[in-house]
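Please look over the sequence and the structure shown below.

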Amino acid sequence: MRICLSGGTGLMGWDLVLTFVKSYWSDLAALEIVLLGRGSPAASLRARVRRLLLEDGFAFVAPAEHTPEAFAARVLGQMRFVEFDLQQPGLGISTADMA
């Protein structure tokens, strides 16, 4: 299943991300999450999601067989990150990310 979310690091979006991860945990390879969001000079979208996975995602999904780092790596492997900028033409999204 492919899911595309905007606002995935916000309260409701993050809850959806974790709910899908928990639901698909036994067959995570069947899940692809495309996350659209703003990057920043301080942290990329991927870095922000990784931090959230380590801070509260691991506790929510609670995979006994993984460390927090291994959990985050496994989930990040099923995610695609598309950073955008509302002030740029075409939202600043590259041609490759549009595909």
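**Fold and helix packing**

The protein has four helices and three strands, where helices (H or I, at least four residues) and strands (E, at least two) are DSSP runs, numbered from the N terminus. In order from the N terminus, its elements are β-α-β-α-α-β-α. The radius of gyration, taken over C-alpha atoms, is 14 Å, close to the 13 Å that the globule rule gives for 99 residues, so the protein is as compact as a globular protein of that length. That rule is 2.2 Å times the number of residues to the power 0.38.

This is a predicted model, in which local features need pLDDT of at least 70 and side-chain atom pairs count only at pLDDT 80 or more, while totals for chains, interfaces and linings use all residues. Residues are numbered from 1 along each chain as its sequence is written, and side-chain values use heavy atoms, with hydrogens and water left out.

Along the principal axes, the C-alpha atoms fill a box of roughly 45 × 30 × 20 Å. Of the 99 residues, 31% are buried, that is, under 20% relative accessible area (1.4 Å probe, protein chains only). Among contacts (heavy atoms within 4.5 Å) with a separation of 6 or more, 59% are between residues 24 or more positions apart.

Helix H2 (residues 45–61) packs with helix H1 (residues 11–24) at an angle of about 55 degrees, and their axes are 11 Å apart. Axes are lines fitted to C-alpha atoms, for helices over the stretch in contact, and angles run from 0 to 180 degrees between N-to-C directions. H1 is therefore oblique to H2; angles under 35 degrees count as roughly parallel, over 145 as roughly antiparallel, 65 to 115 as roughly perpendicular and the rest as oblique. Their crossing is right-handed, meaning that the near helix is turned clockwise from the far one by less than a right angle. From H1, Trp14, Leu18, Thr19, Val21 and Lys22 meet Val49, Leu52, Leu53, Asp56, Gly57, Phe60 and Val61 of H2. This contact has eight nonpolar, two polar and two charged residues. Ala, Val, Leu, Ile, Met, Phe, Trp, Tyr, Cys and Pro count as nonpolar, Asp, Glu, Lys and Arg as charged, and the others, Gly among them, as polar.

H2 also packs with helix H3 (residues 68–76), at an angle of about 120 degrees and with the axes 9 Å apart. H2 is therefore oblique to H3, and the crossing of H2 and H3 is right-handed. On the H2 side, the contact includes Arg46, Arg50 and Phe58, and on the H3 side Pro68, Glu69 and Phe71. By class, the contact of H2 with H3 has 10 nonpolar, one polar and three charged residues.

Conventions. Buried < 20%, exposed > 50% of the residue type's maximum accessible area, 1.4 Å probe, protein only.
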